[in-house]
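Dear colleague,

I am handing over the structure we spoke about, with the sequence alongside it.

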Amino acid sequence: MMYDDLTTAAIHAGTDKFGLHDYTPNYNKLFQHLRDQPIRVLEIGVGGYADDDRGGQSLEVWRDYFPNAQITGIDIQKKTMDLGPRVEILQGSQVDADFLKELVAKRGPFDIIVDDGSHRNEHIVESFQLLFPTLVPGGIYVAEDVQTSFHPRFGGSLEMTAPNAVGHFGQIAQDLSAHDDIAAMERFHNMIAMHKTKDGAVRDVFTSPLFAPFTTNAPALTVVGPQPDLPFTTKPATDSSDLLILTADASTTPADIETHFDTLADNGVMVIQCDAPTADLSRYIQHRFTMVDHVEIVVHHPDAPIDDYAGQIYAVERYKTAFILHKSPNRYPSNFAYDATNPQAAAAIAHMGDVLKTSDQPGGLVQYASILSRYIDVAASAETINKLTALNANSREYYQMAGALARSEKRMDDACALFIAALEKFPHDPQFSVMLAAIYANQKKTELAETTLREAHAAYPRARNIVAALTRALENKGDISEAKALVESTINLFPQNMRPGRLEILLRLEQTLES
């Protein structure tokens, strides 16, 4: 498979928009016509969670992909990385109306907005409602990672009612004619793109990037209904169609559409023209919007009914007068149940390896090594980790993986040295402190282990892993009273679903004291 320049840039930068996800080929289709334009791009969510020195990989990609663009990133957490004069990162909430108004006034209006923020359903919907009206006419708004529409932890469910993000956009797709400001919609696995109307014009269906290959390779065409004017040449279909155009009327049913869809060739495109969809077709449009994320649905709802077409429809597009089904495999694995043996994922991972063979960019190598170590095994990442070591890599992710590799290979002195180096760069970091303390404990250096944990707890008293490790260390040492006091003082720092386990520990410590 041939990949685009955006995907290559994403691999080098180390963003999960390719590899763990399959986003960049779709982004390239959406954005390539704007590549050399002096546009303004906003991305919600910088990445790296609470660490101010982590994240920013996708901002790097937008910076390099759009050489004449001004790039803005926002994040609820403080971020300190410097990505050059064309990139600015601001701290603020994606649902803070006052902050967003000031943001648009200062850095906008934006031609492209990508929501890669909290992924909570209510936030996705509210950010769209606040920001889409401010988008430049003809601009593109992308809601990313909408698989959380089915994840209970993010407010998702199988119910398509508000604030379900897929349900919200699916409702818009049902009756797009009622939304004067939306020209078109595109739905891919985990992504929804909204195109803002420009000059009040109705967007031509055949401007979709899906039809770009047809301009140089005449498609085998089947028409059911009136013959449309097409901006490319065609040839009559025989056994199967590359392009099928169906004009729907009041008698057209979803079953009719699927019967015709069966005649499409792989990578074929089906256009269903319908100025005013019937109630059945409107519901079918929303159903198809939902089923694009069928692999996400079954992760959280294994018994959910998934139809036979879900794995065959890669993309669904909606225009004022039509909707489009793209026939291509749609089985890329869920990020919540990633499977490196999945054929589409395996091809992506192999491509990452090919691109990075001569790379000296730590970001891409770290992301690649992370996928190998997490989803194949630690040994598979050894060559890449060793390359990072030779490049003097010093990111958190590098130290985590290099330390894990050293431990798996029983090189405990090397692992100890790596975690010491990590703590020199990231003082008292909870994860590295726990890892180093565990090595000290195995080496019978119990005082060093306890000192490491105490110093980390003083710096990060709310870190659950530090509290848990220090509790165990005190209990093993026989300081039951102090261990009990520590549990009592921190028990409310833990989420409610974790407190029962802490209460059990507290009960055990009390019983030990009484015995």
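**Cis peptide bonds and the helix that follows**

Pro163 lies in the loop between strand S5 and helix H6, and the peptide bond that joins Ala162 to Pro163 is cis, with an omega of about 5°. Please bear in mind throughout that this is a predicted model. A cis peptide bond also joins Gly108 and Pro109, where omega is about -5°, and Pro109 is placed in the loop between helix H4 (97-107) and strand S4 (112-115).

Helix H6 itself, which runs over residues 165-174, has 9 of its 10 residues buried, so it is largely enclosed by the rest of the structure. The buried residues are Ala165, Val166, Gly167, His168, Phe169, Gly170, Ile172, Ala173 and Gln174.

Helix H12 (residues 382-390) has Ala382, Thr384, Ile385 and Leu388 as its buried residues. These cover an arc of only 165° around the axis, which puts them on the same side of H12. In general, an α-helix has 3.6 residues a turn, so residues three or four places apart point the same way. On the other side of H12, Glu383 and Ala390 are exposed, while the cover over the buried residues of H12 includes helix H11 (362-375) and helix H13.

Just after H12 comes Asn392, which takes a positive phi of about 60°, and this is a positive value in a residue other than glycine. Asn392 is found in the loop between H12 and H13, and with a relative accessibility of 64% Asn392 counts as exposed.

A positive phi is found at His119 as well, again in a residue other than glycine, and there the value is near 70°. His119 has its place in the loop between S4 and H5, and at 16% relative accessibility it counts as buried, because the cut-off for that class is under 20%.

**Two helix pairs**

Helix H13 (residues 396-408) packs with helix H15 (residues 430-442) at an angle of about 20°, and their axes are 11 Å apart. The two helices are therefore roughly parallel to each other, and H13 passes H15 in a left-handed crossing. From H13 the contact draws on Arg396, Tyr399, Gln400 and Arg407, and from H15 on Gln431, Phe432, Met435 and Ile439. Sorted by class, the contact of H13 with H15 holds 4 nonpolar, 2 polar and 2 charged residues.

The other pair is made up of helix H1 (residues 5-13) and helix H3 (residues 57-65), which pack at an angle of about 140° with their axes 9 Å apart. That angle makes H1 oblique to H3, and the crossing of H1 and H3 is right-handed. On the H1 side the contact is made by Leu6, Ala9, Ala10 and Ala13, and on the H3 side by Gln57, Glu60, Val61, Trp62 and Tyr65. The residues of the contact of H1 with H3 divide into 7 nonpolar, 1 polar and 1 charged.

**Two exposed loop residues**

Ala276 is found in the loop between strand S11 (264-273) and helix H8 (279-291), and at 65% relative accessibility Ala276 counts as exposed. The C-alpha atom of Ala276 is separated by 29 Å from that of Ser157, a residue 119 places away along the chain.

Pro305 belongs to the loop between helix H9 (294-300) and strand S12 (313-319), and with a relative accessibility of 70% Pro305 counts as exposed. Pro305 and Gln57 are 248 residues apart in sequence, and C-alpha to C-alpha they are 37 Å apart in space. Gln57 is also one of the H3 residues that make the contact with H1.

With best wishes

Notes: Residues are numbered from 1 along each chain as its sequence is written. This is a predicted model: local features need pLDDT of at least 70, side-chain atom pairs count only at pLDDT 80 or more; totals for chains, interfaces and linings use all residues. Side-chain values use heavy atoms; hydrogens and water are left out. Axes are lines fitted to C-alpha atoms, for helices over the stretch in contact, and angles run from 0 to 180 degrees between N-to-C directions. Helices (H or I, at least four residues) and strands (E, at least two) are DSSP runs, numbered from the N terminus. Angles under 35 degrees count as roughly parallel, over 145 as roughly antiparallel, 65 to 115 as roughly perpendicular and the rest as oblique. A crossing is left-handed if the near helix is turned anticlockwise from the far one by less than a right angle, and right-handed if clockwise. Contact means heavy atoms within 4.5 Å. Ala, Val, Leu, Ile, Met, Phe, Trp, Tyr, Cys and Pro count as nonpolar, Asp, Glu, Lys and Arg as charged, and the others, Gly among them, as polar. Buried means under 20% relative accessible area, exposed over 50%, partly exposed in between (1.4 Å probe, protein chains only). The arc is that of the directions from the helix axis to the C-beta atoms.
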